[in-house]
Amino acid sequence: MSLRDLQWARIEPLLPDRTPKRGGRWRDHRQVIDAIAFKYRTGTPWMDLPERLGSWKGAHSRLRIWAIDGTWERVFVALLAQVDAEEDLDSGVAVDSTIVRAHQHAAGARPQGAPAGEPADHALGRSRGGPTTKIRLAAEGRCRPLAFVLTPGQAGDAPAFTQVMAAIRVTRPKGRPRTRPVVMLADKAYSSRAIREHLRKRRIRAVIPQPADQIAHRRRLGSKGGRPPGFDREAYKQRNTVERCINKLKQWRGLATRYDKTATAYQAAPHLAAILIWAAR
């Protein structure tokens, strides 16, 4: 369950200095990351972490501090930039979402004292099965995650599409970050006029099938319905990359079930999982 040497060699230079601005020297970063990864991979309660991984309070505190100050996201973005410079990321991106059941321990967060950027609802919603969170993500052609957005579980997919697109950001040594893929693949839930127009304005080729009701409505309108949107059936076969990426992430039991009260802390988990995926390539 420990970090491999190759992963650590890529991650270590991107982490903050072990002497924070306030307080004493931090415990070894590698041991702490091992502890956090163990907790989310196994779904173990914080207090039940093995003694060899050190203080569970220290690991939990580091997770929260780095979630609030954006360290996890910065390391993730820096790794994307490294890999892009070495191998040039796939120009095709697929978008999808997955429902995560929230454990009873995830409920009860108080709105007072929430970290900056924390949504008022803590990205917890009500579905038929109880409280849920929805992870929305974009993945590139090798099933590696590019961006994450959390919303309540009952929220629709199409309204959050632009949020996911805005979260895609691959920095480069010179010039502006890459934020615009060449091709966007998505399932029928994303077949809306607003999404297609958004992609068209950004010169991104949409590979999104139309649901039967939209096809029937256009046909009923006859010539007023306009031409059907283009659809590349062969390219659409690659949409499974985002589903395979979701399967990778949900191997982590602490991701497949949400135990964290705040969305800020919970979002650190997919970022850490993504960091290890990109660092292990």
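**View 1. Gly-70 follows H3, and its phi is positive, near 85°.** Helices here are DSSP runs (H or I, at least four residues) numbered from the N terminus. This is a predicted model, in which local features need pLDDT of at least 70, side-chain atom pairs count only at pLDDT 80 or more, and totals for chains, interfaces and linings use all residues. Residues are numbered from 1 along each chain as its sequence is written, and side-chain values use heavy atoms, leaving out hydrogens and water. At the start of H3, a side-chain oxygen of Ser-55 comes to within 3.2 Å of the backbone nitrogen of Lys-57.

**View 2. Here is the buried side of H3 (residues 56–68).** Ala-59, Arg-62, Leu-63, Trp-66 and Ala-67 are its buried residues (under 20% relative accessible area, 1.4 Å probe, protein chains only).

**View 3. H2 is mostly covered, with eleven of its 14 residues buried.** Among them are His-29, Asp-34 and Tyr-40. The cover includes H1 (5–11), H3, H4, H10 (253–256) and H11. Gly-43 follows H2, with a positive phi near 75°.

**View 4. Now for the largest nonpolar core, of 75 residues.** Such a core joins buried Ala, Val, Leu, Ile, Met, Phe, Trp, Tyr and Cys residues through side-chain atoms within 4.5 Å. Ile-33, Ile-36, Trp-72, Leu-199 and Trp-278 touch the most other members. H11 gives the largest share, twelve residues.

Technical notes
Helices (H or I, at least four residues) and strands (E, at least two) are DSSP runs, numbered from the N terminus. The expected span of a helix is 1.5 Å times one less than its number of residues. Buried means under 20% relative accessible area, exposed over 50%, partly exposed in between (1.4 Å probe, protein chains only). The arc is that of the directions from the helix axis to the C-beta atoms. A polar contact is a pair of N or O atoms within 3.5 Å; within protein, one must be able to donate a hydrogen and the other to accept it, and residues adjacent in sequence count only if both atoms are side-chain atoms. Contact means heavy atoms within 4.5 Å.
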